[in-house]
Amino acid sequence: MRKINCLLIDDDADDHEFFEIALEAVPLPTNYLAAQDGIRGLELLSSLEERPDFIFLDLNMPLLSGKQCLSSIRKMDGYENIPVVIFSTSSYKGDIDECQGLGASHFLTKTPDIDELSIIINKVLSEKGLPFILS
């Protein structure tokens, strides 16, 4: 079975570790890549030979915000239809609406529960037709 390639773009090292642990608990074969900020994320995306199947993107990052990064991703050749899941502490309706308008596939508010995050990631990776806002 082919592995599902996941990329997390997030400036918080603890969130990287938390996400990776949750992803390891998903009962699907996955590869995990990470970038520490939006600029590095875009550089990584442009250098990859194989595109990720899913991109998880934090909103509040220095240098290049998640919204700016999302907008840039959607303009990159071959990335127009790659699912981009906003993975943020924000639950502000304005952020949710703006991200949907910019082309995000889903909006996931970060949870402190690793088991809950693993269940949500599994749903994202294995199901179609999920609601825009995940919880």
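Two strands are taken to pair if DSSP finds at least two bridges between them, where strands (E, at least two residues) and helices (H or I, at least four) are DSSP runs numbered from the N terminus. This is a predicted model, in which local features need pLDDT of at least 70 and side-chain atom pairs count only at pLDDT 80 or more, while totals for chains, interfaces and linings use all residues. Residues are numbered from 1 along each chain as its sequence is written, and side-chain values use heavy atoms, with hydrogens and water left out.

In E2, alanine 34 is the bridge partner of leucine 8. Strand E1 (residues 4-9) pairs with E2 in the parallel sense over six bridges. The open sheet is formed by six strands in the order E2-E1-E3-E4-E5-E6, with parallel pairing. Its edge strands, each pairing on one side only, are E2 (30-35) and E6 (133-134).

Helix H5 (residues 114-126) packs on this sheet, touching E1, E2, E3 (54-57), E4 (84-88), E5 (106-109) and E6; contact means heavy atoms within 4.5 Å. The direction of H5 makes about 140° with that of E3.

The axes of helices H2 (residues 38-47) and H3 (residues 66-75) come within 10 Å and cross at roughly 15°. Axes are lines fitted to C-alpha atoms, for helices over the stretch in contact, and angles run from 0 to 180 degrees between N-to-C directions. H2 is therefore roughly parallel to H3, a term for angles under 35 degrees. Gly38, Leu42 and Leu45 in H2 meet Cys69, Ser72 and Ile73 in H3. The residues of this contact comprise four nonpolar, two polar and no charged; Ala, Val, Leu, Ile, Met, Phe, Trp, Tyr, Cys and Pro count as nonpolar, Asp, Glu, Lys and Arg as charged, and the others, Gly among them, as polar.

How values were computed: Angles under 35 degrees count as roughly parallel, over 145 as roughly antiparallel, 65 to 115 as roughly perpendicular and the rest as oblique.
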